Amino acid sequence: MKQNAHEFIRSTTTLLDHILATLTQEEQHDLLDTLAGEIEKRMDAVVEVVES
């Protein structure tokens, strides 16, 4: 599982780099803010499951 997670992060980072290169700085900022919010929401859901 650890290897799968590593590969997922690497491929996602590569894809994100390609996407960011096509956006303006403002669009990059908006996208990264949105992604950070989604990650935080999902992490909160994981913590809730683990704590219950």
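The chain exposes about 4,900 Å², and carbon and sulfur atoms supply 62% of that area. The model is predicted. Its secondary structure comes to 2 helices and 0 strands. Of the 52 residues, 2% count as buried.

**Overall form**

- The chain has a radius of gyration of 14 Å, whereas a compact globule of 52 residues would have one near 10 Å.
- Along the principal axes, the C-alpha atoms fill a box of roughly 40 × 25 × 5 Å.

**Charge**

- On the surface, E26, E27, D30 and D33 gather in a patch of negative charge.
- One of these residues, D30, lies in helix α2, which covers residues 25-51.

**Nonpolar surface**

- L32, L35, I39 and M43 make a nonpolar surface patch of about 360 Å².
- I39, one of the residues in this patch, lies in helix α2.
- I39 has a relative accessibility of 54%, so it counts as exposed; the cut-off for exposed is over 50%.

- D30 belongs to the patch of negative charge, while I39 belongs to the nonpolar patch.

Terms used
Residues numbered from 1 in each chain as written. Predicted model: local features only at pLDDT ≥ 70, side-chain atom pairs only at ≥ 80, totals over all residues. Heavy atoms only, no water. Patch = residues over 30% accessible without salt bridge, like charges linked within 9 Å, V, L, I, M, F, W, Y side chains within 5 Å. Areas by Shrake-Rupley, 256 points an atom, 1.4 Å probe, with all protein chains shown as cover. Salt bridge = Lys/Arg side-chain N within 4 Å of Asp/Glu carboxyl O. Lys, Arg positive; Asp, Glu negative; His and termini not counted. Charge placed at Lys NZ, Arg CZ, Asp CG, Glu CD. Helix = DSSP H or I, 4+ residues; strand = E, 2+ residues; numbered from the N terminus. Rg over C-alpha atoms; globule rule 2.2 N^0.38 Å. Buried < 20%, exposed > 50% of the residue type's maximum accessible area, 1.4 Å probe, protein only.
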